[in-house]
Structures are given as structure tokens and as C-alpha cells.
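Please have the sequence and the model open as I speak.

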Amino acid sequence: MKQVLEKFGTPENLEDPRIRSLLVHLIDQWSLQHDHARERLFLEDLNARCTHAINSLVELHRNKNSFLGMASHDLRNPLISIRGLAEILLSEVAGDLSRTQKEYLSIISSTSNGMLGLVNDLLDVSVMERGQLNIHRVMGSMKDLVEERVQVYSPIAEEKDVRLSARCHEVPHFLFDPVRLGQVMDNLLGNAVKFSPSGSLVEVLLEKEGKSARFTVADSGPGIPSEDLERIFREFQKSGSRPTAGERSTGLGLAIAKKIVEAHGGCISASNGPEKGAVFTFHIPFDQPI
Ligand SMILES: Nc1ncnc2c1ncn2[C@@H]1O[C@H](COP(=O)(O)OP(=O)(O)OP(=O)(O)O)[C@@H](O)[C@H]1O
Ligand SMILES: [Mg+2]
């Protein structure tokens with residue numbers, strides 16, 4: 001371009017409007033191409049930096065998961081021993097206990113039980129994040145599973161003066177993982193009871209909807225602000241509601257539940273009831289892609 005300007009940009013030439021406009025046009029084209037080339041270089045550089053940053057983040061995420069997995073795995077066994085030994089001592093097979101000793105041992109037992117729950121959740125998260133969630137499907141009755149889990153949660157609800165009522169319709173037997181779906185129900189029932197005020201009602205419904213089983217838990221607690229309805233399904237995410245009797249609240253249960261339901265080809269969602277309270281629903285298709 002410099003040589004072109006030196007050769008044709010003479011004062012006489014510049015006086016000719018046609019040559020002048022031709023030169024201006026050439027300069028425009030040249031600078032446009034030049035800018036494009038610079039822009040491309042800039043974008044390539046940006047792209048390389050982004051790829052590098054993403055790779056580093058993926059690596060860090062992988063390291064975080066394997067650390068989480070190792071730490072929770074190694075904490076499990078000592079916790080199981082502490083809880084087991086506390087329960088053996090509490091049963092007094094190893095000798096009589098004073099009231100204070102019993103009281104302290106009960107605290108050790110319930111605290112280690114809570115810690116074991118947390119460690120199990122962390123282990124689940126680390127396994128699921130690595131995409132290694134294994135679903136062991138067996139042909140079974142979803143109705144039996146719901147009735148069993150409701151039975152387990154009824155005394156816990158009663159202790160808080162919360163009434164648990166279940167309507168379970170017949171659903172055809174199909175293939176699902178009863179341990180994992182039981183874990184999902186436990187978290188939803190546990191949440192409903194945990195966030196419900198004393199004297200309220202929690203309603204459970206199981207029904208067939210098209211070619212899927214639909215499970216719903218509705219409570220009459222504080223409900224969930226609409227802006228949190230999706231966020232609470234992410235790890236360690238909590239909304240404004242507080243457990244009404246000081247129960248544990250880590251913000252992992254729904255993230256785990258979502259992964260389990262999705263591994264069954266289903267979906268889970270939260271909404272608010274027409275008056276008040278939260279409503280959680282999940283669907284599991286009878287025919288799942290395996
Ligand atoms: N029935 C409910 N009513 C009101 N808020 C709820 C209800 N269920 C869940 N939430 C909100 O969603 C958050 C996430 O629930 P999630 O089950 O993931 O965690 P968590 O119950 O706090 O702890 P955990 O890991 O022990 O399950 C809760 O902390 C609470 O803020
Ligand atoms: Mg929970």
C-alpha cells in the first residue's frame with residue numbers, strides 16, 4: 001500500500017477527483033482487510049486463552065471431585081465404627097451405664113449418624129459428577145416402595161406433630177432402582193417434614209400418568225420463592241426456608257435426587273401450591289432407554 005501511495009499519490013494525481021476517489025477506495029479496502037486480519041489474530045488469541053482456561057477448570061473440577069470422593073470414602077469407615085460402638089455401649093451389653101454416660105453416648109451416636117449421612121451425600125455427589133452413577137433396575141412395585149418410605153417417615157413426622165397422608169394408586173410393575181428411588185423419596189419426604197410447621201399436613205400421591213409413574217409430595221410450609229425453584233436442584237443451593245426443628249440442611253439432597261431421576265429417564269420439578277406450601281413432583285417412564 002505504501003508503494004502504491006508513493007507512486008500514484010502525487011500532488012497532480014490527487015487533484016484529479018477520479019484518481020483521488022480510487023485511492024481513497026483502495027485505502028478503505030486495505031484498512032478493512034488489515035483490520036480483519038488483526039481481528040482474526042485477536043480472536044484466535046482469545047480462543048486459545050479460553051480453551052486453556054476451560055482445560056484448567058476441567059482439571060481442577062476433576063481434582064476437586066476425586067479429593068471429595070477420597071475424603072468422604074476414607075471418613076465413612078471410622079464413622080461407621082464410632083456409631084456402631086456407641087450403639088453397642090448404649091445397649092449395655094458391655095456393662096451398665098449411668099444416666100450421664102447414656103446421654104453422652106446418645107449424642108455421639110446421633111452426631112456420628114448425621115455425619116455419616118453427610119459423608120454419604122458427598123460420596124454420591126463425587127460419584128455422580130464423574131458420571132459413574134450406576135442404576136440397578138429390578139422389576140418392582142412403585143406403590144410398595146412409596147408405602148414403605150411413608151411408613152418410615154410417619155414417626156419422624158409425628159414427632160414434629162406433622163401429619164403424613166398418602167394416596168397410592170396402582171401403577172404397573174416396571175424396572176427401576178428401588179434403593180436409589182427410595183433415596184429420592186426420602187429426601188422429598190424428609191424436606192416436606194423438615195420445613196413444615198407443627199400441626200401441618202404433608203400429602204403424598206402416587207399415580208399413573210400416561211406411560212409413567214408420577215410421585216408428588218405437597219406440604220403446607222413456607223413454600224419456595226419462584227426465583228429459587230430451579231436453583232435448589234443444584235449442589236449446595238438452599239432457599240430462604242429454615243428447618244423448623246433444627247434438622248440438618250446441606251443443600252445436596254435435591255441435586256442428588258435430580259441425577260437419580262434423570263438416570264431413570266425421568267424428570268423432577270418444584271412448584272408452589274395454590275394456597276401455600278411446596279409441591280415436588282417426579283415422573284419415571286415405564287420404558288426407559290437403558
Ligand atoms: N418442602 C420444602 N419447603 C421449603 N423449602 C424447601 C423444601 N424442600 C427443599 N427446600 C429448599 O431447597 C433447599 C435444597 O433442598 P435439599 O434437599 O437439596 O437440601 P437440604 O434439605 O437443605 O439438605 P440435605 O442435603 O440434607 O437434603 C433447602 O435447603 C430448602 O431451602
Ligand atoms: Mg433435603
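Let me start with helix H3, residues 17–90, which has 74 residues and reaches 104 Å from its first C-alpha to its last, close to the 110 Å expected at 1.5 Å a residue. The expected span is 1.5 Å times one less than the number of residues in the helix, and helices (H or I, at least four residues) and strands (E, at least two) are DSSP runs, numbered from the N terminus.

Before I go further, a word on provenance: this is a predicted model, in which local features need pLDDT of at least 70 and side-chain atom pairs count only at pLDDT 80 or more, while totals for chains, interfaces and linings use all residues. Residues are numbered from 1 along each chain as its sequence is written, and chains are lettered from A and ligands numbered from 1 in the order in which they are written.

Returning to H3, there is a kink of about 25° at Arg 76, shortly before the proline Pro 78; the bend at a residue is the angle between axes fitted to the seven residues ending there and the seven starting there. How many of the 74 residues of H3 are buried? The number is 3, so H3 lies largely in the open, where buried means that 20 or more other C-beta atoms lie within 10 Å of the residue's own, exposed means 12 or fewer, and partly exposed is in between, with C-beta atoms placed from the backbone. Those buried residues are Ser 72, Leu 79 and Ala 86, and they pack against helix H4, residues 99–129, contact being counted when C-beta atoms lie within 7 Å. Leu 85, also in H3, counts as partly exposed because it has 15 C-beta neighbours inside 10 Å. Just after H3, Glu 92 takes a positive phi of about 65°.

Helix H5 is next, and its 18 residues should span 26 Å at 1.5 Å a residue, which agrees with the 26 Å between its end C-alpha atoms. H5 has a kink of about 30° at Tyr 153, shortly before the proline Pro 155. Tyr 153 is also one of the buried residues of H5, which include Met 142, Leu 145, Val 146 and Arg 149, and what covers them includes strand E1, H6 and E4. In the loop between H5 and strand E2 sits Asp 161, whose phi is near 60°, a positive value in a residue other than glycine; with 11 C-beta neighbours inside 10 Å, Asp 161 counts as exposed.

Now the core. The largest nonpolar core has 44 residues, and among those with the most contacts inside it are Val 146, Val 184, Leu 188 and Ala 257; such a core is a set of buried Ala, Val, Leu, Ile, Met, Phe, Trp, Tyr and Cys residues joined through C-beta atoms within 7 Å. The largest share of this core, 7 residues, comes from H6.

Finally, which residues are closest to ligand 1? The ligand is surrounded by 22 residues, the closest being Asn 191, Lys 238, Ser 249, Gly 253 and Leu 254, where a residue is near if its C-beta atom, placed from the backbone, lies within 6 Å. Helix H6 (178–194) and helix H7 (253–263) are the elements that give two or more residues to this shell.

Methods: Two residues are in contact if their C-beta atoms, placed from the backbone, lie within 7 Å.
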